[in-house]
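Please consult the sequence and coordinates alongside the text.

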Amino acid sequence: MVAFNKKRKNNFAFVDMLRYTNINKLTLAEDCPVELIGFFDPNIEYINVENNNGGIGGRLKFFGKDEIKLEHIADVDRYLSSGTIKGINTFLSAIKMFSSGGYLIIDELENHFNHEIVSTLVRLFMDEKVNKAGASLVFSTHYAEILNEFDRNDCIYIVRNKGGITIDNLSTLLKRNDIKKSEAYESGFLSGTTPSYDSYINLKRHLVSLKKAGR
């Protein structure tokens, strides 16, 4: 993206959250909007950041509780769930994208999120009143249901391992409009998107054959 921006003489924002796929650390650089906090955890009154001997510390306050002083803002993971931390990081990045434009890339978007939070983020990117600068969300997911949020098939790619990794545009695989995208994925209609029946039977037979512990 750096090379692209120099060549085109523009300033597309680019936020790569791949490193947070399996690790959640709060990366606040300024006070977190209370509206965002309330969306993920209505029990939190505020999360503020402050300089701490050259580092970034913070203050966390739950409603009806004493304020918690944080030497490092990342220490907030002792008090907040992984979903709340990932949610704040992800949605703060999205908010920046909505005003500046650019690309937000997330691997396994559903990690630590329930279905409604994933759907909310996708819908916000689709809402022109919110996404004023036309930012793009690029993500991978195992949530088949999220496919139903999209009216078009050509923005969805199916990744499969068929003697090697293949990537196919859904518009070339699914011609019928009377089939839900999620059902096509989960039913095996697309081939290679679900475990085979034979694989399931082999696994079940193996588990049945195991002896009970202590015998």
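The points below cover the sheet, the helices packed on it and a surface patch.

The model is predicted: local features need pLDDT of at least 70, side-chain atom pairs count only at pLDDT 80 or more, and totals for chains, interfaces and linings use all residues. Residues are numbered from 1 along each chain as its sequence is written, and side-chain values use heavy atoms, with hydrogens and water left out.

- Three strands form an open sheet in the order 1-5-6 with parallel pairing; strands (E, at least two residues) and helices (H or I, at least four) are DSSP runs numbered from the N terminus.
- Strand 1 and strand 6 (136–139) are the edge strands, each pairing on one side only; pairing requires at least two DSSP bridges between two strands.
- Strand 5 (residues 102–106) and strand 6 run parallel and are joined by four bridges.
- Tyr103 stands opposite Ser136 in strand 6.

**Packed helices**
- Helix 3 (residues 82–100) packs on the sheet and touches strand 1 and strand 5, contact meaning heavy atoms within 4.5 Å.
- Helix 4 (residues 115–126) also packs on the sheet, touching strand 5 and strand 6.

**Surface patch**
- Met1, Phe4, Phe12, Phe14, Tyr103 and Val138 make a nonpolar surface patch of about 490 Å².
- Phe12 lies in the loop between helix 1 (2–8) and strand 1 (13–16).

Note on methods. Patch = residues over 30% accessible without salt bridge, like charges linked within 9 Å, V, L, I, M, F, W, Y side chains within 5 Å. Areas by Shrake-Rupley, 256 points an atom, 1.4 Å probe, with all protein chains shown as cover. Salt bridge = Lys/Arg side-chain N within 4 Å of Asp/Glu carboxyl O. Axes fitted to C-alpha atoms, helices over the stretch in contact; angles between N-to-C directions.
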